[in-house]
Amino acid sequence: MIGLGLRLAVAGGREAAVRLVVVAVAVALGTGLLLATLAGINATKTQNLRYAWLNTGADPSTTAAVAGVDPVWWLAREDYFHGEDLGRIDVAATGPAAPVPPGIPALPGPGEFYASPALHDLLRTTPAAELGDRFPGREVGVVGDAALPSPGSLLVIVGQPVETLAGQPAAAKVSRILTTDPANCSRCVVGLNDTMFTVTLSVIAAALIFPVLIFIGTATRLSAARREQRFAAMRLIGATPRQVSVLATVESTVAAVAGMLLGFGVFFALRPGLAAIPFTGATFFPDDLGLTLVNVLAVGAGIPVGAAVAARLALRRVRISPLGVTGRVTPKPPRAWRLIPLVAGIAELAWFVGRKPETTNGQTFAYIAGAVLMVTGLVLAGPWLTMRAARVVAQRAQRPAALIAGRRLSDDPMAAFRAVSGLVVALFVMTAASGAITSYVAERASPAGDSVAATSLSQTFWPEELVPGTPAPSISDIPAGLAAIPGVTAVIPVRENLREISSDSTSPQGPGLIRCVDLARTPEFGRCPEGARTVAVWSDLIGPREPGTSPDQRVWPASNVTDLDSLRLLSVVVQTDGSAAAKEQARTALATTNPWGRFPATEAEWEADSARTLVQFQRLADVVILASLPIAGCSLAVSVIAGLTDRKRPFSVLRLTGVRIRMLRAVVGLESAVPLLVVAAVAIGTGFLAAALFLRAQLDYSLHAPGASYYLIVAVGLAASLAIIAATLPLLRRITGPETARNE
Amino acid sequence: MNGATTGVMIEAREVALSFGETPALRGASLTVAEGEVLAVMGPSGSGKSTLLHCLAGILVPDAGEIHVAGRRVDTLDESARSALRRDQFGFVFQFGQLVPELTAVENVALPLLLAGTRRRAAVAEASGWFGRLDLEGLQQRRSGELSGGQAQRVALARGLVARPRVLFADEPTGSLDSLTGEHVLDLLVGSAREQGTTVVVVTHEARVAAYADREVIVRDGKVTTPAVAPVLS
């Protein structure tokens with residue numbers, strides 16, 4: 001029976017071959033996505049392990065003395081270039097048996113440094129005054145991949161004299177290089193929360209695989225009537241139900257195995273492209289996107305077994321008697337109770353507006369529960385909404401196309417909705433994420449490119465970061481040529497304010513002081529109150545930004561300290577014309593003159609980390625939508641083809657009687673487009689509603705309209721889905737030709 | 001227009017058609033008068049259905065001429081032939097003609113809707129046929145809820161509702177038992193005569209032919225019985 005099943009599957013005529021190919025393609029898509037997700041989880045863990053050594057010094061286990069090991073003075077800091085992070089490790093070996101970080105053959109001596117390949121390239125192409133001058137000495141080699149989280153990582157390991165580095169308050173004396181996964185290290189400061197990424201990737205995989213499963217299910221129903229006729233004929237000549245079940249299972253399993261193998265091929269072909277997606281904030285080495293033996297075995301065996309089980313389940317829905325299919329389950333119309341979870345989810349989120357839970361756990365539970373209720377509610381309510389929309393279409397139809405399409409949709413709204421249900425989840429998640437992220441960024445007044453937060457650099461000399469015993473920073477610590485750098489428009493010294501910093505947000509009292517005459521020359525940083533001579537400011541002249549106001553509108557509080565010359569220098573703020581060259585040259589000049597402590601940075605660079613994470617989540621949501629819309633389109637197309645095959649005879653007769661092919665095209669178009677567009681509208685609407693309720697409840701923010709990219713992605717995705725549906729239309733002419741009516 | 005005679009609805013002259021190497025019609029000639037009920041008989045594979053499809057403009061013959069209501073059909077393009085079928089002809093086939101999603105009354109109304117009639121008017125017009133064809137009360141049934149005879153009567157109503165000039169029926173009782181078949185034929189012929197519709201019915205059953213004004217026999221792709229149409233006035 002298995003042999004017969006195999007022969008029917010691979011040599012059962014054109015329809016069987018088409019079904020085999022479509023199911024195999026659907027399974028290949030699912031396999032590819034599953035493998036990509038597993039590889040993504042593995043790559044995140046591998047990347048995180050590559051971050052591990054950068055936490056050396058932060059974890060107490062590395063600073064404990066080890067017998068026979070000469071300790072290394074170690075100072076890890078964060079510098080910037082063109083807005084990108086540039087990791088800098090200063091090292092000084094105390095002896096020949098010092099531990100060596102991965103990626104380099106030996107520790108660099110004083111006056112030597114190793115650069116990562118990306119930084120090495122930049123050093124070759126960038127004027128030294130903008131970058132190279134920050135690193136004393138000469139480059140002695142390139143940091144190997146073993147030490148790089150990403151192929152594009154900017155990293156430098158600089159050798160220093162022991163006596164210089166030993167005096168730095170932030171430097172640590174380490175005897176071993178840390179290898180612990182940052183996710184398992186509470187003191188680590190560099191690395192990823194890979195549990196979060198695993199959960200996120202799993203959610204994304206679910207959001208992507210859901211439409212693929214629907215696609216597989218729809219594809220197996222392709223030519224179902226013809227297949228069931230064949231099974232009935234076998235029952236007539238004595239095949240048992242079990243034997244028929246074996247045949248169906250073999251057919252599905254053959255397609256699943258073919259699809260699974262194809263999926264592995266797709267995954268390995270796309271792996272370099274996947275590695276270039278920086279979903280953790282950095283791209284991956286292609287080899288990091290690897291699969292474990294367990295992964296391969298689980299996918300290789302699990303998918304065919306899953307397909308076999310699905311085939312048996314699908315066959316249970318119909319009873320095939322020797323006289324044909326009997327007892328086909330007629331779908332009952334969906335009932336209005338299906339709206340309850342959706343309404344409950346909306347109500348739950350709305351209830352928390354003005355009643356924000358006090359604890360983080362409470363907030364997480366409240367919003368996740370609401371979101372889960374809404375997603376579940378959407379999937380449950382979808383068939384009911386499809387039925388209502390279809391009934392309206394059918395009731396109001398004046399043309400046959402709308403009437404036929406409306407009737408078909410309202411007859412079996414479950415099937416119609418099933419094809420687009422993955423899309424609902426994807427559109428909801430994307431819309432809610434886009435709405436929340438856009439609003440968050442807008443409310444936080446993310447600095448525009450021409451705002452002082454992006455154009456001005458500051459270097460702060462925090463007292464606790466200064467080398468004990470060294471003279472306090474003064475005006476003389478400001479590089480002499482700083483103001484002469486092309487593009488630098490102002491150099492503003494800020495003195496230390498000895499008064500206690502007020503935490504009162506209505507009357508902020510900054511840690512710095514500036515003369516009003518100096519502030520008047522740079523009005524973009526705000527102004528003094530009437531009559532004031534000195535004002536208290538933040539060290540970067542910007543401080544915590546207030547929603548809805550720009551820095552130039554700020555009125556700094558007056559100070560009664562007038563003798564600023566006697567006070568130590570707290571920071572130096574350099575205003576530029578915003579050009580990258582001016583900023584990098586100024587940064588290099590400051591870092592060269594004052595090489596210890598924190599590196600100069602713009603406010604935007606400080607904030608970039610959190611903004612980057614948000615943008616990454618946005619990008620992931622975009623990937624979900626871009627992938628799931630065409631998959632939903634495929635499901636729709638296959639269900640359209642299945643519907644056409646079922647109605648081949650009456651449609652052919654209609655054509656024979658002179659009905660224009662465009663009327664039949666309109667039927668097909670409406671049957672696909674109505675659920676697609678209705679469901680898209682509902683998912684988008686509820687997504688925005690969820691975002692608005694969350695923002696109001698948690699942050700008391702209003703919802704802001706997402707940027708053009710959101711609309712573009714939704715439009716491109718919907719257009720791609722409609723294009724896939726349109727691609728099935730030529731089939732209509734062929735399968736409803738006069739010969740169908742003549743010969744069937 | 002050439003050769004068309006007043007009172008003649010259909011005229012076929014030396015029509016030939018092959019499917020690949022297999023000839024289906026080898027010079028079939030036929031005339032059908034306006035309002036006539038003609039039975040086209042013949043054994044399986046004789047070419048009778050192919051002849052009907054040629055007369056109805058579904059197939060284009062390789063040779064010969066076909067005129068319907070004074071208009072030459074075989075030289076028309078697909079679009080014009082479709083329009084002709086839609087506007088001038090009605091069809092009844094053996095089975096599987098009803099759109100499963102639509103109710104019986106909507107199936108009957110379909111030709112009117114396609115012609116641009118408003119839905120309410122089309123459904124009202126279609127409903128009128130249910131009483132005439134003993135289908136009262138079945139208007140809202142779907143095709144799956146109708147018996148074979150009922151479905152065939154609904155198809156007949158659909159074929160006649162737009163008051164076509166010619167009704168082509170291909171084995172209209174082929175899937176029905178003899179009693180039901182006779183009932184359907186009674187209605188088919190009666191309704192056609194009532195509105196003056198010309199009927200060409202293809203059948204291999206002698207009892208069906210008995211309902212016709214005249215019968216012709218197709219054998220080996222030729223109309224073998226001399227077919228001279230009585231011109232009805």
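A residue counts as buried if 20 or more other C-beta atoms lie within 10 Å of its own, as exposed if 12 or fewer do, and as partly exposed in between, with C-beta atoms placed from the backbone. By that rule, buried residues make up 46% of the 744 residues in chain A. The structure is a predicted model, in which local features need pLDDT of at least 70 and side-chain atom pairs count only at pLDDT 80 or more, while totals for chains, interfaces and linings use all residues. Residues are numbered from 1 along each chain as its sequence is written, and chains are lettered from A and ligands numbered from 1 in the order in which they are written.

Chain A has 22 helices and 15 strands. Helices (H or I, at least four residues) and strands (E, at least two) are DSSP runs numbered from the N terminus. Two residues are in contact if their C-beta atoms, placed from the backbone, lie within 7 Å. Among the contacts in chain A between residues at least 6 apart in sequence, 83% join residues at least 24 apart.

## Two helices of chain A

Two packed helices are described by the angle between their axes and the distance between the axes. Axes here are lines fitted to C-alpha atoms, for helices over the stretch in contact, and angles run from 0 to 180 degrees between N-to-C directions. The axes of α9 (residues 340–351) and α19 (residues 661–699) of chain A come within 8 Å and cross at roughly 20°. That angle makes α9(A) roughly parallel to α19(A); angles under 35 degrees count as roughly parallel, over 145 as roughly antiparallel, 65 to 115 as roughly perpendicular and the rest as oblique.

The crossing of α9(A) and α19(A) is left-handed. A crossing has that hand if the near helix is turned anticlockwise from the far one by less than a right angle, and is right-handed if clockwise. In α9(A), I346(A), L349(A) and A350(A) meet L689(A), A690(A), L693(A), F694(A) and A697(A) of α19(A). These residues divide into eight nonpolar, no polar and no charged. Ala, Val, Leu, Ile, Met, Phe, Trp, Tyr, Cys and Pro count as nonpolar, Asp, Glu, Lys and Arg as charged, and the others, Gly among them, as polar.

## Strands of chain B

Strands of a sheet pair through backbone hydrogen bonds, either parallel or antiparallel. Two strands pair if DSSP finds at least two bridges between them. In chain B, six strands form an open sheet with mixed pairing, in the order β6-β7-β8-β3-β9-β10. Its edge strands are β6 (89–92) and β10 (222–223) of chain B, each pairing on one side only. Four bridges join β6(B) to β7 (residues 166–170) of chain B in the parallel sense, and F89(B) stands opposite V166(B) in β7(B).

Strand β1 (residues 8–19) of chain B runs antiparallel to β2 (residues 22–33) of chain B, with nine bridges. L17(B) stands opposite L25(B) in β2(B). Two residues lie between the strands of this hairpin, where G20(B) takes a positive phi near 65°. β1(B) also pairs with β4 (residues 63–68) of chain B, in the antiparallel sense over five bridges; there A16(B) has A63(B) as its bridge partner.

## Helices α5 and α6 of chain B

The axes of α5(B) and α6 (residues 178–194) of chain B come within 10 Å and cross at roughly 15°. That makes α5(B) roughly parallel to α6(B), and the crossing is right-handed. Residues in this contact include Q152(B), R153(B) and L156(B) of α5(B), and H183(B), V184(B) and L187(B) of α6(B). By class, the contact of α5(B) with α6(B) has six nonpolar, six polar and one charged.

## Two residues with positive phi

Most residues other than glycine have a negative phi, and most peptide bonds are trans. E171(B) has a positive phi of about 50° although it is not a glycine. E171(B) is found in the loop between β7 and α6 of chain B, and is buried, with 20 other C-beta atoms within 10 Å.

D220(B), also not a glycine, has a positive phi near 50°. Its place is the loop between β9 (214–219) and β10 of chain B. D220(B) counts as partly exposed because it has 14 C-beta neighbours inside 10 Å.

## Where the chains meet

The contact between the chains takes 22 residues from chain B and 21 residues from chain A. On the side of chain B that touches chain A, α2 (78–88) and α3 (104–114) of chain B each supply at least two residues. That side of chain B has 12 nonpolar, four polar and six charged residues.
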